[in-house]
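Here are my notes on the model you sent over. Have it open while you read, and go point by point.

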Amino acid sequence: MSDAILVWGAGAIGGTLGADWVRAGHDVVFVDSAADHVEAMRTGGLAIEGPVAQYATGRLRAFLPDELEGRFRRVVLATKAHHTDDAMRALAPHLAPEGFVLSAQNGLNELVIAGHVGAARTMGCFVNYGADWLAPGRILRGNRGAVVVGELDGIVQPRTEEMFGLLRIFEPDAVLTANIWGYLYGKLGYGALLFATALTNASIADALASARHFELWRRLGQEVMAVAQAKGVRCEAFNGFDPAAFMPDAPPAATRAAVDSMVAFNRGSAKSHSGVWRDLAVRKRRTEVDAQIAVIADIGDGLGIASPTIRRLVALIHEVEDGRRPQDWATLDALAGGIG
C-alpha cells in the first residue's frame, strides 16, 4: 500500500490542493481523465497562477484512471458532481482496507461515495475558494475562501485531524467542524444562486448586484434552506452567505445585507465567473446541475416541500446546454418571471 495522497480529479480543485501539498513536500499521486492534462503534469507539472500564489511544481506522478496501480489510504475525490458515481467505481479497487475518501466537491456527493464504500470510509469537505482549469497543466487560483472538513457523523477522529492538517497547508484558516452537513447544505444555497448567475454572461458580482433580481436570489435561497430545515440541518455561514438571511421568515433587509456581502466577496476575486458559467460558455459541456441542484428539489419532494424555482432553474440550464437559449439577461429574466 502506498501512503501517498491520491487526488482523483486534478482540475481546478484537485489540482490546486494537490499542487500545494507537493510544494510542501508531500507525496501526491494525481489521476485525471483528460489525457492532455495528464501528459502535461507528467512532463512539466502544474503551473498555479493568480493573485494567491504563482509557482510550478515540476514533474508529477499523474495517471489516467486505467493506468493507476496500487492501493491508497488517503483519497481526495475532486471530480465534477455528476462524475462521482463513475469515479467511485474506478477508484474503489485502489482504496486500501483502512482507507477513506474525502469529497472535495460541490453538492451532497458524500451520499454517493458512501453508497460505494460505506459512510465510515467517507469524509466530508467543503471548499469555496475560486479556481479555474485554464489549459493542460495550468490552473488559476483566483482567491482564498472557506475550506472546511468534518466526519459525516460529526465525531472527530485521528484521520480527521490528519486531513485538517493537510488542508491547513492549503488554507491556513481552514476549519475542522462537527457540522459538515451544515456547510454542505449552505453551499447548495449559495450554489443555486451561482447557477442562476451563469444564465447570463455577467460576472457573479454584477449578476448578484442586480436589484431587479433580488426577489429571485431570495426565493432560490429560501427553497434550499426550507429543505435543509426540514432535514434538521443547521446551515453554516461562509464568505458572505448567511443561511439565516434566506430562511422563510427572514426580513428582506437581512437578505439584502447577505447579497451585498456576497457581491463584495466576489468582487475581490480574480475568478469573476462561476465554474458553471465556464462549463457553458467556454468548455461547452454539461454542467453539474442535475447532480448538485436538482437533488435539492428531489429531496424536497420526498419531504413534501415544493421547489418550483429550483426546478425552473434546472430546466433553463439544460436549455442553455442544448443551445436552445443564450446566456444573457433575458434568460435570467425568464427564471425570475415566475416569482410573484
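Predicted model: local features only at pLDDT ≥ 70, side-chain atom pairs only at ≥ 80, totals over all residues.

1. Let's start with a glycine.

2. α11 covers residues 289-302, so to speak a run of 14 residues. From first C-alpha to last, α11 reaches 19 Å, close to the 20 Å expected at 1.5 Å a residue. There is a bend to look at as well: α11 has a kink of about 40°, centred on V295.

3. Which residues of α11 are buried? The list is V289, Q292, I293, A294, I296, A297, I299 and G300. As for what covers these buried residues, the elements include α6 (180-197), α8 (214-230) and α12 (308-321).

4. K284 has a phi near 50° and sits in the loop between α10 and α11. K284 is exposed, since its relative accessible area is 65% and the cut-off for exposed is over 50%.

5. The other one is N239, with a positive phi of about 45° although it is not a glycine. You'll find N239 in the loop between α8 and α9. Is N239 buried, exposed or partly exposed? N239 counts as partly exposed, because its relative accessibility is 24% and that class lies between the 20% limit for buried and the 50% limit for exposed.

6. On to the largest pocket, which has a volume of about 1100 Å³. Its lining is made up of 49 residues, and the closest to the pocket centre are A12, I13, A78, K80 and R285. The elements giving two or more residues to this lining are α1 (12-23), α3 (84-91), β9 (131-135), α6, α9 (252-267) and α10 (275-281). Which element gives the largest share? That is α6, with five residues.

7. Last, have a look at E151, in strand β11 (residues 147-151). E151 is buried because its relative accessible area is 3%, with the cut-off at under 20%. What does the side chain of E151 make a polar contact with? Its partner is the side chain of T160, at 2.7 Å. Leaving aside neighbours within four places in sequence, E151 is in contact with T122, M123, Q157, R159, T160, T177 and I180.

Key: Residues numbered from 1 in each chain as written. Heavy atoms only, no water. Helix = DSSP H or I, 4+ residues; strand = E, 2+ residues; numbered from the N terminus. Buried < 20%, exposed > 50% of the residue type's maximum accessible area, 1.4 Å probe, protein only. Polar contact = N/O pair within 3.5 Å; in protein donor to acceptor, adjacent residues only side chain to side chain. Contact = heavy atoms within 4.5 Å. Expected span 1.5 Å × (residues − 1). Bend = angle between axes of the 7 residues up to and from the residue. 1 Å grid on protein atoms, 1.4 Å probe; cavity = no way out; pocket = protein on both sides within 12 Å on 5 of 7 lines; lining within 4 Å. Points joined across faces, edges and corners; volume = space filled by probe spheres on them.
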